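I opened a new page for this one and went through it topic by topic. Here is what I looked up, in the order I looked.

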Amino acid sequence: MSTLVAQLISKMGLNDEPNVLEKTTELLRLVELRSTNVPLQINEYGKIVLCADLASTLLDIGFDKEQALKLSGLRKSHYVNNKRMFEKLLDLNKLPSVNDICVQLSLNEVARKSEELLTLFKDIASNTMQDADHPQYAAMAVFQACRLLKKKVAKTKIMPFSNLRPTQWQQLEHQWELMIEKHYKEINVATRLNDQAEVLQEKNNIEKKCQMHKPEIEDYEKWKSRMLATAEAKLKQLESESGSQTSL
């Protein structure tokens, strides 16, 4: 069994990941122990691959689900159903977070935007008494973040995290698109207006400072009169001094 586990771990590209082999083996033993009264209609390949999948999630390591599905020898629906059963047996059936989904699908660059959208949804849901902690919302937040950031990802990779049927997913996708169109764009517009107001205020402040330090330009006629008066005063002074010297 240990040799087969190591071989499948290697084929899934997890050979160099620390602790994956040990964690997968640990989960396999627990599944065997806790399923004595629960008939598992799944082959050994399927058990190992599913435990490797769960181990990767627990260790926050990216996991190639398409390759895993091929190696498991299971149909997609059987894979998903058995994974849920394993999670229950191992007490791992926690709600997947945005971070969990992004790590597993190597979408770390959309994590921040996903959290932003999920927070927006929760704020709206709190006003409608809607349960916002269902895994479908974390999955949809990641999907919509990918759409907004133009990150190409197959919808079929994200949907399994939602536990929704295709028709349910489609309905939720439409709801979120309407929410983003109405609320998210309003927030962006308000942010841009605030930014523009701040820029305008800063510009006004700079102009005021410049005016405070700007030297006043004297009117030409006033300057001319002042200069003539100064010159005339100096001339009189010179004449007075000249007269005093002559008398001596």
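**Pocket.** I wrote the rule down before anything else: on a 1 Å grid over the protein atoms alone, a pocket is an open set of points where a 1.4 Å probe fits, with protein on both sides within 12 Å along at least five of seven lines, and lining residues have an atom within 4 Å of a point. The largest pocket here is lined by 31 residues, and K65, K83, Q104, P160 and F161 lie nearest its centre. I got about 830 Å³ for the volume of the largest pocket, where grid points are joined across faces, edges and corners and the volume is the space filled by probe spheres set on the points. Which elements give two or more residues to the lining? They are α3, α4 (65-72), α5 (76-89), α6 (98-104) and α9 (155-158). The largest share of the lining, seven residues, comes from α5.

**Ground rules.** I noted that this is a predicted model, where local features need pLDDT of at least 70 and side-chain atom pairs count only at pLDDT 80 or more, while totals for chains, interfaces and linings use all residues. Residues are numbered from 1 along each chain as its sequence is written, and side-chain values use heavy atoms, with hydrogens and water left out.

**Overall build.** I found 11 helices and zero strands in the protein chain; helices (H or I, at least four residues) and strands (E, at least two) are DSSP runs, numbered from the N terminus. Buried residues make up 32% of the 248 residues in the chain, with buried meaning under 20% relative accessible area, exposed over 50% and partly exposed in between (1.4 Å probe, protein chains only). I also looked at contacts, meaning heavy atoms within 4.5 Å. Of the contacts with a separation of 6 or more, 70% are between residues 24 or more positions apart. The chain exposes about 16700 Å², and carbon and sulfur atoms supply 52% of that. This area comes from the Shrake-Rupley method with a 1.4 Å probe; for residues, only the protein chains shown count as cover.

**A lysine in a helix.** I went to K47, which sits in helix α3 (residues 44-58). Is K47 buried or exposed? K47 counts as buried, at 9% relative accessibility. Leaving out residues up to four places away in sequence, K47 touches L28, E32, L40, I42 and F86.

**Aromatic rings.** A pair of aromatic rings is described by the distance of the centres and the angle of the planes. The cut-offs I used: rings of Phe, Tyr and Trp (its six-membered ring) pair if their centres lie within 6.5 Å, and planes under 30 degrees apart count as stacked, over 60 as edge-to-face and the rest as tilted. I have three aromatic pairs in my notes. In one of them, the ring centres of F121 and Y137 are 4.4 Å apart with planes at 35°, so the pair is tilted. F121 belongs to helix α7 (residues 111-128) and Y137 to helix α8 (residues 135-148), so this pair ties together parts 16 residues apart in sequence. F121 is buried at 7% relative accessibility, and Y137 is buried at 6%. Another pair, F143 with W169, is edge-to-face, with 5.6 Å centre to centre and 75° between the planes. F143 is in helix α8 and W169 in helix α10 (residues 166-213), 26 residues apart, so I put this down as a link between distant parts of the chain. Both F143 and W169 are buried. I also noted one aromatic cluster, formed by F121, Y137 and W176.

**Cysteines.** A disulfide is a covalent bond between the sulfur atoms of two cysteines. With the cut-off of two cysteine sulfur atoms within 2.5 Å, I counted zero disulfides.

**Loops.** Most residues other than glycine have a negative phi. N19, in the loop between α1 (2-11) and α2 (20-34), has a positive phi of about 75° without being a glycine. S106, in the loop between α6 and α7, has a positive phi near 55° and counts as exposed at 51% relative accessibility.
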